[in-house]
Amino acid sequence: MTGTGTGGAGGGPTMGDGGEMPCAPPADPSQPAAALADTGCMDKVDVTRFASVAWSYEVNSPLWSDQADKARAFVLPPGAKIKVLTCTTQSSGCLDAADDGKWVLPAGTTLLKNFGFDGKVVETRLLVALPDATWAGYSYQWNEAQTAATLVPSAGASVTFNTGARAVDWTYPSRRDCNECHTRSAGWSLGLETAQMNRVPVSAGLGTQNQIDRFAVAGLFAAAPATPYKAALVTPYKGQLGSPPSSATVTERARSYLHANCAFCHRPDGEFKTIDLRYDVDFKQTSLCNTVPAKGTQNVDGATNLTPGHPELSVTWLRMNTLELGRMPPLASDVLDLDAIALVGDWIGGIAACP
């Protein structure tokens, strides 16, 4: 997947031709650059790759994006540092100990993500940290010739993209959609936490060093995470980022998937706080088992949020297994994640009783 910049492989930020810092949030958040090339976030020659100012990275448990391959990177403003929360020993910025290892990114940060199929990029998405401590998202649509990407209207759009090998249906989220998931309670960014970042990358060009070590050596942290690092989330199933370790249990894999794909909303201070799907929360405290769903039973009589031994009576599984009303995730996905449906079904099927 294209996208890796030389900054992400171990270099550092470089200033633009006029001395300005490239790939910064727009001066007016309502008026982002009309062309991706004008953001300074992409390489000027190899235009689908991130610029050298960007630090590329991977995560252990990826967000489902309709089978797209992804490349990820971030750009910090000059002199700014990443703060890593130590929620097991202090509470500032933490909800509780389950938030340990969250990364807090400074104002002026830009997050970059390429989405693609068959080696072609269909979308580059920017998420930027604004001076008022909020974030904004912008999508850019690539042409099939891979020569340029243009700003998607604020309402979003849907296209059929020809990769040369097949036609792929793709939906660009609206700017409002971005803030439905990237919320203050979720920490705005999704995936930038020690348990997600504790890995040796598998993508070409990112080296063979643990990426947290790489960022620490580069001085990107206000205080680097203590070693040994918080245990890595397991990759839920085989994919672009590798496979689960042979020692990983079904529970570990399923809980990892739910943490990455659901817990940013389903947490005690989140948008949908009746259940808590963070990985470090004890199963009993998730409020899943045999509890009444807040948004209905998907027309299945007797269904609960999680019915031990019965995925077909568990709304958590039922909502993953539909593209109709009640679909989870509700945004930015129009394709069922069949591997995750099977995994979560196996997990629920193996639970004998509520704790």
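Nine aromatic pairs are present in the structure, a pair being counted where ring centres of Phe, Tyr or Trp (its six-membered ring) lie within 6.5 Å, with planes under 30 degrees apart termed stacked, over 60 edge-to-face and the rest tilted. Helices (H or I, at least four residues) and strands (E, at least two) are DSSP runs numbered from the N terminus.

The model is predicted, with pLDDT of at least 70 required for local features and 80 or more for side-chain atom pairs, whereas totals for chains, interfaces and linings use all residues. Residues are numbered from 1 along each chain as its sequence is written, and side-chain values use heavy atoms, without hydrogens and water. Mean pLDDT (the predictor's confidence in each residue, from 0 to 100) is 91 for the chain, and 91% of residues reach 70 or more. Over residues 6–19 pLDDT stays under 50, and the model has 29 contacts (heavy atoms within 4.5 Å) beyond four places in sequence for this segment.

Helices H4 (residues 250–262) and H6 (residues 338–349) have axes that come within 9 Å and cross at roughly 125 degrees. H4 is therefore oblique to H6, as angles under 35 degrees count as roughly parallel, over 145 as roughly antiparallel, 65 to 115 as roughly perpendicular and the rest as oblique. Residues making the contact include Val-250, Arg-253 and Tyr-257 of H4 and Leu-343, Asp-346 and Trp-347 of H6.

Two backbone features lie in loops. The peptide bond from Thr-227 to Pro-228 is cis, with omega near -5 degrees; Pro-228 is found between H3 and H4. Ala-133, not a glycine, has a positive phi of about 75 degrees and is placed between strands S6 (120–129) and S7 (135–142).

Technical notes. Axes are lines fitted to C-alpha atoms, for helices over the stretch in contact, and angles run from 0 to 180 degrees between N-to-C directions.
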